[in-house]
Amino acid sequence: MATFLYRLGRWAFARRRLVTLLWVAVLAVCGVLAAKAPAAPDDGFAMPGTEAQKAFDLMNERFPGGHADGASARLVFVAPSGQKITAEPNQQAVERTVAELAHADEVTGAVSPFKANTVSKDGTTAYATVSYSVKAGELSKGATDALEQAAQHGRDAGLKVEVGGNALMAKPEAGGSSEMIGMALSALVLVITFGSLVAAGLPLLTAVIGVGLGMALITALGSTLGLSSTTSTLAMMLGLAVGIDYAVFIVSRYRAELAEGRTPQEAAGRAVGTAGSAVVFAGLTVVIALAGLSVVGIPMLAKMGMAAAGTVVIAVLVALTLVPALLGFIGRRVLPRKVRNGAVQPKKENGGSRWARFVLRRPLAVLLGGVIGLGVLAAPALDLRLGLPGDESKPTSTTQRRAYDLLSEGFGPGFNGPLTVMVDVKGTPDPKAAAGEVAKTVAALPGVVSVTPPMFNKAGDTALLNAVPSTGPSAAETKDLVQAIRGHAAGLKTATGATVLVSGTTAMNIDVSQKLTDALVPYLAVVVGLAVVLLLVVFRSVLVPLKAALGFLLSVAAALGAVVAVFQWGWLANLIGVEQTGPVMSMMPIFMVGVVFGLAMDYEVFLVTRIREGFVHGEQPGEAIVTGFRHNARVVTAAAFIMIAVFSGFIGMGEPMIKMMGLGLAAAVAFDAFVVRMAIVPAVLALLGRHAWWLPRWLDRLIPDIDVEGSKLQTAAPEPAPVRESVGV
């Protein structure tokens with residue numbers, strides 16, 4: 001492989017104008033296709049195989065036009081201090097507001113609280129539920145404007161009015177200030193690392209081109225493949241991350257080859273042949289992690305993973321072809337001016353090599369310190385509780401959070417998460433009696449505040465009833481209640497012949513959390529297992545891949561511990577603006593594994609391949625570690641700082657789930673790059689010595705020799721290539 005990539009790098013360098021024009025043409029064509037492509041449909045958040053999803057599907061079938069998955073809003077009305085909401089002026093104001101909404105766009109129903117009997121016992125609070133014909137996020141601007149205007153009219157009448165539900169849910173937007181801040185910080189880190197504006201700008205330019213092409217393809221294929229607007233979120237984030245990383249490593253190796261006296265074209269060929277080989281296999285580990293999201297069984301996550309994997313493949317191709325082509329235009333200007341003028345000679349010792357020698361002197365102490373430190377940080381993860389935070393976790397500045405609090409005060413926390421119990425009485429001898437028996441059984445369960453009378457469809461074969469828990473949607477007691485109702489389903493089936501299914505937003509969130517929890521171990525097994533096999537081929541070692549996987553698991557556990565400590569226990573919560581503690585987002589563990597695993601293996605491949613390269617070329621194990629750190633530690637550190645800066649930018653955003661993702665990913669990258677890869681990895685390699693590269697003979701014969709370290713390039717004579725274009729000096 002190294003020989004093939006070496007030739008590719010030299011060819012791209014020599015044919016730089018052709019290669020650059022080809023990439024620009026591909027980007028332009030995909031951009032035109034994206035502009036003309038029809039809008040992608042919103043595929044929603046379907047959970048095939050769960051009871052809540054089965055109930056949703058059956059409700060849509062048995063209650064045609066009911067829009068079980070449509071958006072909804074709850075208008076919460078509170079009377080002025082000392083007054084009742086049932087007082088005539090207040091009641092009239094409420095009814096006018098609800099009547100105004102009943103005729104708004106896309107509204108299928110809006111019932112006055114005085115008709116629906118949704119007035120608190122103390123008479124101070126009431127709420128009206130507004131149902132829509134389209135999903136949340138698909139509401140037209142006219143519909144959301146009408147909702148906000150109606151609420152304002154109620155406030156103008158002297159009432160306190162807040163809007164809950166998902167009707168005002170903000171649509172996710174790609175791009176924004178976080179990405180701009182991340183790019184600015186990345187540029188700063190690269191300038192400091194390379195000491196050259198030209199060298200710093202090239203990785204940013206190629207990363208933007210790769211991400212732009214990836215986003216254009218996702219948009220162009222969105223309607224055909226059913227890729228919604230949310231699909232591109234992960235692709236943009238990871239495409240930018242790995243695009244910068246891969247270009248940085250090739251540019252760094254190119255600079256090192258120039259410093260050893262090679263011509264620019266030869267340096268480009270060797271950079272692509274060695275660092276490019278690492279890029280290929282690092283990219284494969286990321287693709288494995290992202291494609292593995294299909295194992296989880298959530299269509300939206302699977303599409304996000306495959307779209308992001310495609311963007312990573314583009315980033316690899318850009319690094320192998322466009323980067324050496326652009327280096328052909330830059331030539332030696334990629335080096336700092338002082339180095340080009342010969343005033344400064346490349347250092348034989350730097351911070352990386354000095355740190356490696358320190359670890360070599362105290363490997364056991366460094367290893368124990370790193371493992372124990374991460375173990376302590378991971379301890380809170382033992383108390384991990386998963387859920388899908390709702391309005392209760394939003395900032396108090398939002399109307400959704402204020403509506404949640406008002407409902408909790410007026411009706412109890414369970415009113416924010418009612419359970420929809422669907423009773424399929426088709427084929428039963430007495431449908432009304434069967435539905436009544438179900439309602440009676442559910443009402444008698446501990447933790448149920450109230451149960452509405454069964455509401456039948458036109459065919460009379462399906463009934464719906466709402467059960468209000470005594471606890472909030474994310475409480476463990478509510479989950480127990482859902483399981484209790486489902487536990488009685490078999491007995492009710494035997495007694496009445498009716499099939500009982502529990503659904504609703506709260507039940508769906510519980511099912512999502514459970515499915516994600518159940519999928520975590522299989523996902524880890526698939527991703528880590530395939531990556532270990534891949535790293536076995538790359539490093540030709542049994543112990544190095546196992547060490548890499550175990551170190552990654554340790555860093556992810558420590559990052560989850562940090563998330564639990566902040567968002568679940570409340571440690572330092574005020575410092576980052578977390579106003580309400582609660583369960584950790586259900587997708588967080590799998591999301592962290594998928595994203596961080598790819599980045600962690602990037603750092604592992606880039607760092608350890610250079611160490612193995614030194615060992616294969618005749619250096620002693622300890623000196624090979626020093627060589628690897630001298631050449632690559634600074635660049636790995638820069639790449640990690642860039643990722644930490646990008647992810648940390650999300651901590652300052654208002655949405656709690658985005659804060660959680662930002663903190664979790666930033667912590668995971670920090671722990672993995674600086675503790676695992678920079679401390680534990682060299683310590684383990686130092687303790688193992690030559691045994692680190694042990695491979696059974698029978699396995700050595702089976703594994704193909706892909707020559708990632710470029711040993712064949714050491715003896716190969718430079719290929720003469722016609723260079724018709726002048727090289728920058």
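Mentor: Before we start, helices (H or I, at least four residues) and strands (E, at least two) are DSSP runs, numbered from the N terminus. This is a predicted model, where local features need pLDDT of at least 70, side-chain atom pairs count only at pLDDT 80 or more, and totals for chains, interfaces and linings use all residues. Residues are numbered from 1 along each chain as its sequence is written, and side-chain values use heavy atoms, with hydrogens and water left out.

Trainee: Thanks! How many helices and strands does the protein chain have?
Mentor: Both kinds of element are present in the protein chain. The totals are 25 helices and 11 strands.

Trainee: Why is H11 described as largely enclosed by the rest of the structure?
Mentor: Buried means under 20% relative accessible area, exposed over 50%, partly exposed in between (1.4 Å probe, protein chains only). H11 is largely enclosed because, of its 32 residues, the number buried is 25.

Trainee: Which helix has the lowest mean pLDDT among the elements of the protein chain?
Mentor: pLDDT is the predictor's confidence in each residue, from 0 to 100. The protein chain has a mean of 84, and helix H14 (residues 363-378) has the highest among the elements, 95. The lowest, 62, belongs to residues 711-715, helix H25.
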